Amino acid sequence: LVLWTDTSETLPRRFRDTPQVLSLVLWTDCPSWTSHSATAGYLVDIESETLVAPAAWYAPGFCSMAAPLVGQRVPGAREACLKAMAAHDASELEWLTCVGWDAMITDEGPTFFEGNVAAYRTPRRMALSLSLADGFRSWMATRGKRSAAA
């Protein structure tokens, strides 16, 4: 799981005082020991702890990924988000506004093993929503080609 927490100026003022989760992504189908080899990823709805969409927006290699896991639950996702927000809130680094938290959910609960500033990846999360992800995937299916009527 990768959670992105944010307290930056990009958030509406009412959310800046406490960290908010921008997105929660589950990386899967890793042919090696690292998630950097993932060939599939899913956007996770935090409230329902459910995989709701493929991460087709993440990179070109994910645009046409099969998404057989959509609809499956990810028990512990909400707890992981709460812990990530608490860790972000505990930081004394004033410049730290957005963090990518790498975690896995074990039988004992979420385990965090890395936090990344990763500012170059942040813009992909700032406006991400299920409807935007669906729209992007739809656009990529046609690779932006206009219809004959246009």
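**Entry 1: the whole protein**

I began with burial: 40% of the 150 residues of the protein count as buried. I am reading a predicted model here, and I keep that in mind throughout.

How many helices and strands does the protein have? I found three helices and six strands. I then read them off along the sequence and wrote down β-β-β-β-α-β-β-α-α.

**Entry 2: T50**

I picked T50, which I located in strand β4, residues 50-54. Is T50 buried or exposed? Its relative accessibility is 14%, and buried means under 20%, so T50 counts as buried.

Which residues does T50 touch, once those up to four places away in sequence are set aside? I listed L43, V44 and D45, and also G71, Q72 and R73.

I looked at the polar side of T50 too. A polar atom of its side chain lies 3.0 Å from the backbone oxygen of S48.

**Entry 3: strands β5 and β6**

I moved on to β5 (residues 98-106) and β6 (residues 109-116). In what sense do these strands pair? I noted an antiparallel pairing over seven bridges. The two strands form a hairpin, and I counted two residues between them.

**Entry 4: helix α1**

My last stop was α1, which runs over residues 77-90 and has 14 residues. From its first C-alpha to its last I get 20 Å, close to the 20 Å expected at 1.5 Å a residue.

Which residues of α1 are buried? I wrote down A77, A80, C81, A84 and H88. They cover an arc of only 100° around the axis, so they sit on the same side of α1. I then turned to the face pointing away from that buried side, where I found the exposed residues L82 and A90.

Definitions and conventions:
Residues numbered from 1 in each chain as written. Predicted model: local features only at pLDDT ≥ 70, side-chain atom pairs only at ≥ 80, totals over all residues. Heavy atoms only, no water. Helix = DSSP H or I, 4+ residues; strand = E, 2+ residues; numbered from the N terminus. Expected span 1.5 Å × (residues − 1). Buried < 20%, exposed > 50% of the residue type's maximum accessible area, 1.4 Å probe, protein only. Arc of directions from axis to C-beta. Polar contact = N/O pair within 3.5 Å; in protein donor to acceptor, adjacent residues only side chain to side chain. Contact = heavy atoms within 4.5 Å. Pairing = 2+ DSSP bridges.
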